[in-house]
Amino acid sequence: MARKNPFMNVMTEEAPDNSEAILEYTNKGASKSLIHSLDELAAQADRLLEGEAVVELDPSIVDASFLKDRLEDDEQDFDELLTAIRDRGQDTPILVRPHPNSTGRYMVVFGHRRLRAAKVLERKVRAVVKDLKDRDHVVAQGQENTARANLSFIEKAMFAAEISRQQYDGDNSIILSALSIDRATLSKMLSVSTMPREILEAVGAAKGIGRDRWYELKNVLERPSNLEQARAYVQSSDFTGKIGDERFNSLLAFMKTVGKQRRIKEVQAQKWESDDKAVQADIKTDGKTYTFALRAKNAAGFGEYITENLAHLYRAYRNQSDQRGE
C-alpha cells in the first residue's frame, strides 16, 4: 500500500499556475533539503503502515490531533466508510503517536474518520504507533491533507493558519510545500482564516467555494456593522435551513444587500425652489458631503453669487452656531 509523496506535486504539472517559480523555490537550499526529508519521512511511514508495527488499540485511549483540519464531516462519505469497515474490516491503519502530555494515551496524526468508525462499531482500531515530535506530526498530517482531494479551500486555509500559529518554520516553507501553494495564495489563506470562528463554523466546509469568493466575503465583513449583521443572519432560520455551498452563497448575497440598503439609507435628498420659480436646486447629503445642483434660467448667475459670498455665508453660519452653543 505505497503512498505517493504529495509534496512532489510542487514539481509536476499538478502544481499551481506559477509552477516554474515553485520548482525553483523547492530546489534551493533549505527547501530542497525539506523535500528530501519529507520523502524520507513518507518512505518510513509507508514501511510502518505495511510492516509489523501495526497494532490494535482501544479507540477510547486515542485523542484527536492538536491540529484540526476539518470544519465538518461529510456524513454521506462517512457512512460509506463505516459500511466498508463493517463489511470488510479496516484495510488501512491510522497513524498515531504517544500522547505528548498524557501517559498511556495516543494522539492521531491522521485517520480521524477511521478512528470515529471504530468507535461507532465498538471495535479496536488498527494503528501504527510512531514517536513523532510536534513538527514531524505537522508534516505527516500535512502530507495526508494534501493527498486528500475532498478538503475544501477554507479547511486548507484554517489548517495552514494552525501550522503558522505553531511557528515551526519562520518563512512558512512547510506550509508552501505541504499544500503545494505559492506565497500569494498562502497570504490570502491566512487572511481569510482570521474571519470570526463562529462565522466560519456556521458556513462550514463549502466545498465548492474557492479562494476569491472567500476573500470577497472576508473584505465585506471587515466593517464592524457588517459583521454584526452577519452574526445575526447566521442564526436565522433562512440561513440554518440551507446546507453546503448554499450557506456561503446566501450569506454573501445577504451581506451585499445590507451594503446596498445602507448606501441608500445614508444618502438623503431634497429639492428647493425660489419664490419666483426662477431657480431650482437638487440637494443631497450622506452625512459627510453636501451637494446641490442649480438649474433653471437664473442658475448660473445665482451660483456665481453664492461662490462670491461663500466666505460671508460661512462666517454667518459660524456666528449662528456659536450663539446656539453648537
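My entries below cover the sheet and then some helix packing.

**Ground rules.** I'm working with a predicted model, where local features need pLDDT of at least 70, side-chain atom pairs count only at pLDDT 80 or more, and totals for chains, interfaces and linings use all residues. Residues are numbered from 1 along each chain as its sequence is written, and side-chain values use heavy atoms, with hydrogens and water left out.

**The sheet.** I looked up the strand order first: five strands form an open sheet, S1-S5-S3-S4-S2, with mixed pairing. S1 (54-57) and S2 (62-63) are the edge strands, each with a single partner, so one side of each has no neighbour in the sheet. Strands here are DSSP E runs of at least two residues, helices are H or I runs of at least four, and both are numbered from the N terminus. Two strands pair if DSSP finds at least two bridges between them.

**One pair.** I then checked S3 (residues 94-98) and S4 (residues 106-110), which pair in the antiparallel sense over four bridges. Arginine 97 has methionine 107 in S4 as its bridge partner.

**Two helices.** Next I turned to H8 (residues 183-192) and H10 (residues 211-220), which pack at about 45° with axes 10 Å apart. Axes are lines fitted to C-alpha atoms, for helices over the stretch in contact, and angles run from 0 to 180 degrees between N-to-C directions. I listed the residues making the contact (heavy atoms within 4.5 Å): Thr185, Lys188, Ser191 and Val192 of H8, and Arg211, Asp212, Trp214, Tyr215 and Lys218 of H10.
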